Amino acid sequence: MSFARRSRATILTAAVIAVSALPITMVKGGGHANAQGTVQSISAADKKQGAEAHPQLLQEFGGAMTGPHATYVEGIGKTIALQSGLGNARSDFTVTLLNSPVNNAFAIPGGYIYVTRQLAALMNNEAELAGVLGHEVGHVAARHAAKRESAAKRNALLGALGSILSGALLGNNALGQIGQEIFSTGSQLLTLKYSRGQETESDNLGITYLQRAGYDPRAMSTVLQSLANQNALDAAIKGTSNQVPQWASTHPDPASRVRAALNRAGASATGRTNRDPFLTSIAGLTYGDDPAQGIVDGSKFTHPALRLAFQAPNGFYLVNGTRSVAISGQSGKGEFTTAAYNGNLDAYIRTAFTGLSSQQRLAPQSIETTTVNGLRAAYGTARATSGNGQVDIVVFAYEFAPNQAYHFVTISQAGQAGQFNSLFQSLRRINATEASAVRPRKVTVVTVKSGDTLQNLAARMAFTDRPLERFLVLNGLTSNSRLVPGQRVKLVSY
């Protein structure tokens with residue numbers, strides 16, 4: 001969460017197809033691969049459209065990274081994009097490594113291609129990274145978004161937090177209808193779901209691009225397997241193990257997609273993977289939250305720059321976004337964010353309620369003032385109808401400076417708002433010592449030594465929960481994998 005005092009809504013142009021929280025689900029058509037296989041090159045209109053959307057996407061997804069990591073990813077992206085025929089020169093493409101802790105990759109018109117550092121870290125060789133980017137370029141070359149746009153509806157989702165607070169978790173219950181609307185105020189994004197055939201076509205185009213570039217085309221299959229494994233791990237950590245991964249929502253089961261990609265590539269296919277150069281190039285990459293945007297550590301959120309911290313209630317988990325933090329659980333949802341503030345907490349709270357729903361006029365029944373950990377605070381509650389029941393919505397705001405306030409907004413079944421009391425009471429300032437103690441996690445690459453096991457290497461991971469599972473997924477391993485002395489593997493360390 002790196003917000004300043006600015007509007008939370010970022011309106012992207014209608015031409016941009018924005019991804020939510022998982023990869024290989026978002027792109028906009030640029031070139032057109034017809035039945036003969038020819039591709040329409042990037043047009044002047046595409047370039048203009050992409051150039052207009054590019055800075056907004058950078059803002060939405062944590063900004064562009066610079067330095068050796070970004071340069072390496074840029075080179076791979078341009079190499080694979082050239083195989084599509086959309087452009088004739090590497091300069092036709094802009095490839096960006098995003099400073100985002102979300103697993104994601106996407107492309108927009110004009111030769112703009114993006115991948116997050118988190119997804120890059122999940123890959124295990126250069127061919128896999130090229131496969132992810134090739135899939136996204138494939139959507140552009142095939143003009144999938146243009147073909148589906150007429151049937152698409154504009155949806156308001158939470159940007160990088162979309163799948164966390166969307167109907168997938170809120171569900172079609174008393175929280176769902178108004179809850180999804182309330183938690184759509186982070187950014188207005190145009191999203192499309194692609195058909196099974198379109199996703200398969202992009203998988204296949206990605207495989208073709210890998211072959212043309214001399215990479216092992218089987219990498220597309222292992223990419224899909226890693227994404228499925230990461231999604232399953234994320235769901236288990238959050239207690240939502242039955243959730244369908246968004247990237248697979250229009251497909252057969254993930255295993256079928258993995259098999260199809262392998263069959264398309266050929267089980268005996270060959271090509272370079274460049275595993276060692278890849279591992280060397282991504283070593284040192286920030287993993288998870290960037291301290292500059294605040295850090296989620298279990299149920300605690302700490303922002304060293306903003307000098308604040310809070311704790312989620314038992315049974316809830318936190319997900320950090322570009323301009324808000326999501327608080328999610330089975331019995332309610334919440335968000336921590338900011339808005340313009342002129343020193344009047346009463347007006348701040350009423351304005352926050354007004355912006356929550358376009359379908360219902362929401363206003364607090366009353367506003368109460370209080371003090372929380374030395375901070376001047378105020379809160380209001382409104383009852384609303386949603387789905388098949390009533391819900392209570394609370395806005396709890398805090399003054400940090402004469403021109404700076406922050407607030408929680410929560411939603412729960414009527415009469416259950418008290419479950420967030422501990423959250424409201426936990427927000428506090430942190431001192432310089434606490435702020436300086438916040439450290440980023442980094443990808444490190446180590447060489448397996450004789451006697452090393454999956455378990456003792458996993459114990460070196462900078463996580464107290466599920467270190468073995470995290471280590472296996474990060475390295476594309478299983479519990480039955482055998483380590484060989486001299487083999488290089490990834491760890492996440494402080």
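Figure 1. Buried means under 20% relative accessible area, exposed over 50%, and partly exposed in between (1.4 Å probe, protein chains only). Phe 310 is buried as well, at 1%. The structure holds 18 aromatic pairs. Phe 301 and Phe 310 form a tilted one, 5.3 Å centre to centre with 35° between the planes. Rings of Phe, Tyr and Trp (its six-membered ring) pair if their centres lie within 6.5 Å; planes under 30 degrees apart count as stacked, over 60 as edge-to-face and the rest as tilted. This is a predicted model: local features need pLDDT of at least 70, side-chain atom pairs count only at pLDDT 80 or more, and totals for chains, interfaces and linings use all residues. Residues are numbered from 1 along each chain as its sequence is written, and side-chain values use heavy atoms, with hydrogens and water left out.

**Figure 2. The aromatic cluster.** One aromatic cluster includes Phe 301, Phe 310, Phe 316 and Phe 336.

**Figure 3. The three-strand sheet.** Three strands form an open sheet in the order S1-S3-S2, with mixed pairing. S1 and S2 are the edge strands, each pairing on one side only. Neighbouring strands are turned by 15° against each other on average, direction ignored. Axes are lines fitted to C-alpha atoms, for helices over the stretch in contact, and angles run from 0 to 180 degrees between N-to-C directions. Helices (H or I, at least four residues) and strands (E, at least two) are DSSP runs, numbered from the N terminus. Two strands pair if DSSP finds at least two bridges between them. Strands of a sheet pair through backbone hydrogen bonds, either parallel or antiparallel.

**Figure 4. Strand S3 and its neighbours.** S3 spans residues 112-116, and five of its five residues are buried. Tyr 112, Tyr 114 and Thr 116 point one way from S3; Ile 113 and Val 115 point the other way. S1 (residues 94-98) runs parallel to S3, joined by five bridges. Across that pairing, Leu 97 stands opposite Val 115, and Thr 96 stands opposite Tyr 114. S2 (residues 105-108) pairs with S3 in the antiparallel sense over four bridges. Here Ile 108 has Tyr 112 as its bridge partner. Three residues lie between the strands in the hairpin of S2 and S3, where Gly 110 takes a positive phi near 90°.

**Figure 5. Two helices across the sheet.** Helix H1 (residues 44-60) lies across S1, S2 and S3 and runs at about 20° to S3. Helix H2 (residues 68-82) lies across S1 and S3, running at about 140° to S1. Contact means heavy atoms within 4.5 Å.

Figure 6. Asp 276 and Arg 488 meet through their side chains in a salt bridge, 3.5 Å from N to O. Asp 276 sits in helix H12 (residues 275-282) and Arg 488 in strand S17 (residues 488-493), 212 residues apart. Asp 276 is partly exposed at 43% relative accessibility. Arg 488 is also partly exposed, at 22%. A salt bridge is a side-chain nitrogen of Lys or Arg within 4 Å of a carboxyl oxygen of Asp or Glu. A search of the whole structure finds twelve salt bridges.

**Figure 7. Salt bridges within a helix and between strands.** Asp 346 forms a salt bridge with Arg 350, with the closest N and O atoms 2.9 Å apart. Both residues lie in helix H13 (residues 345-354), four residues apart, about one turn of the helix. Asp 346 is partly exposed, at 34%, and Arg 350 is partly exposed, at 38%. Arg 376 forms a salt bridge with Glu 399, with the closest N and O atoms 2.9 Å apart. Arg 376 lies in strand S12 (residues 375-386) and Glu 399 in strand S13 (residues 389-401), so the pair ties together parts that are 23 residues apart in sequence. Arg 376 is partly exposed at 39% relative accessibility, whereas Glu 399 is buried at 19%.
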